[in-house]
Amino acid sequence: TPESVFDCTALIGKVFDDRNMNGYQDQVGSAPVVSTRGITDQSFITGKISNDLVERDESEPGLPYVRLSTPTGTIITTDEFGRYSIPCAELPGDLGTNFSLKLDTRSLPTGYRVTTENPRTMRLTAGIFTEMNFGASIGRIVDIDLTDAAFVSGRTVPGEALSNGVEALLAQIADTPSMLRLSYFVTGDEENTTARARMDAVEALIRDQWRAVGKYRLVIERTVKRFQ
């Protein structure tokens, strides 16, 4: 039988400004900050207490006062440094258990988009700390508006002009963190299922070409709209 004193799993993490949009909190374009390590720092285990100078990355800072929620409805808010903790997030059995956490995108600063999985699910092991971080960025948003004219007549295959346009666009944003927003405008008696299938084809085309030129994780948002 799991025992809460020994088997409870604590969850810690941070919501951070993912300036290079790679999904990890790392150093971007600035020198690390040198600081002393206190005896309460639990980020590493050396077997002895030390106050040696260490490098601490501050180039992708945490985002304060962002809300997170658990499947049971518990709301967590990050502190002024973007950090949060759940002391006893779960009481896993011998085989562990999955735990999900979702970031409330409405609580992000204006213009920010999530760059990591949302919600995130991780496997918790009894009695072991687990870290779950979320990244968000205010990168440039590029709109791609699509209609039936962009595809081969009666099919979901992107037309030649669209394929060439996607190739040129990806070359332009390859070095500048950006997010793509695909919008398909449905006309007449066109079905929404057709619109979604065509957006699937365009996203697959983008992903395939991005693997060759991309230097960061490309976020793609999709919407279907109908002309009035």
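Two residues are in contact when heavy atoms of theirs lie within 4.5 Å of each other. With that in hand, here's a first look at this chain, which is a predicted model. Take the contacts with a separation of 6 or more: residues 24 or more positions apart account for 68% of them.

Now for the inventory. The chain holds three helices and 14 strands. It has 228 residues, and 37% of them are buried.

Quite a few of its residues are tucked away: Ala195, Arg198, Met199, Val202, Glu203, Leu205, Ile206, Gln209 and Trp210 are buried. Look down the axis of α3 and these buried residues fall within an arc of 160 degrees, so they line one face of the helix. There's a simple background to that kind of pattern: an α-helix has 3.6 residues a turn, so residues three or four places apart point the same way. Over on the other side of α3, you'll find Thr193, Arg211 and Ala212 exposed.

What do the buried residues of α3 pack against? Their partners are β12 (140-146), α2 (160-173), β13 (178-186) and β14 (219-226). Leu205, in helix α3, makes a handy example. Its relative accessible area is 18%, and since buried means under 20%, Leu205 counts as buried. Leaving out residues up to four places away in sequence, Leu205 touches Pro158, Ser163 and Val166. Ser163 is 42 residues away from Leu205 along the chain, yet their C-alpha atoms are separated by 7.8 Å.

In soluble globular proteins, nonpolar side chains tend to be buried together. Here the largest nonpolar core has 26 residues, and the members that touch the most others are Leu146, Leu170, Ile173, Leu180, Ile206 and Leu218. At least two residues of this core come from each of β12, α2, β13, α3 and β14. The largest share, six residues, is supplied by α3. To see one member's surroundings, pick Ile173: setting aside neighbours within four places in sequence, Ile173 is in contact with Arg140, Val142, Ser178, Leu180, Trp210, Tyr216 and Leu218. Apart from this core lies another one, of 19 residues, including Leu11, Val15, Leu68 and Val114.

Next, hop over to the loop between β8 (113-114) and β9 (120-124), which is where Thr115 sits. Is Thr115 buried or exposed? With a relative accessibility of 1%, Thr115 counts as buried. Its side chain joins that of Asp18 through a polar contact of 2.8 Å. Besides Asp18, and not counting residues up to four places away in sequence, Thr115 touches Met21, Gly23, Gly135, Ala136, Ser137, Met179, Arg217 and Val219.

Glu117 lies in that loop between β8 and β9 too, but at 45% relative accessibility Glu117 counts as partly exposed. The side chain of Glu117 makes a polar contact of 3.5 Å with the side chain of Arg120. Gly135, a contact of Thr115, is 18 residues from Glu117 along the chain, and the C-alpha atoms of Glu117 and Gly135 are separated by 8.7 Å. Pro119 is found in the loop between β8 and β9 as well. The peptide bond joining Asn118 and Pro119 is cis, with omega at about 5 degrees.

Two other loops are worth a stop. Between β7 (97-103) and β8, the loop contains Asp104. Asp104 is buried, with a relative accessible area of 16%. A polar atom of the Asp104 side chain lies 3.1 Å from the backbone nitrogen of Arg106. The loop between β3 (53-56) and β4 (67-69) holds Tyr65. Tyr65 is exposed, with a relative accessible area of 55%. What is the phi of Tyr65 near? It is near 60 degrees, a positive value in a residue other than glycine.

Conventions:
Residues numbered from 1 in each chain as written. Predicted model: local features only at pLDDT ≥ 70, side-chain atom pairs only at ≥ 80, totals over all residues. Heavy atoms only, no water. Helix = DSSP H or I, 4+ residues; strand = E, 2+ residues; numbered from the N terminus. Buried < 20%, exposed > 50% of the residue type's maximum accessible area, 1.4 Å probe, protein only. Polar contact = N/O pair within 3.5 Å; in protein donor to acceptor, adjacent residues only side chain to side chain. Arc of directions from axis to C-beta. Core = buried A, V, L, I, M, F, W, Y, C linked by side-chain atoms within 4.5 Å.
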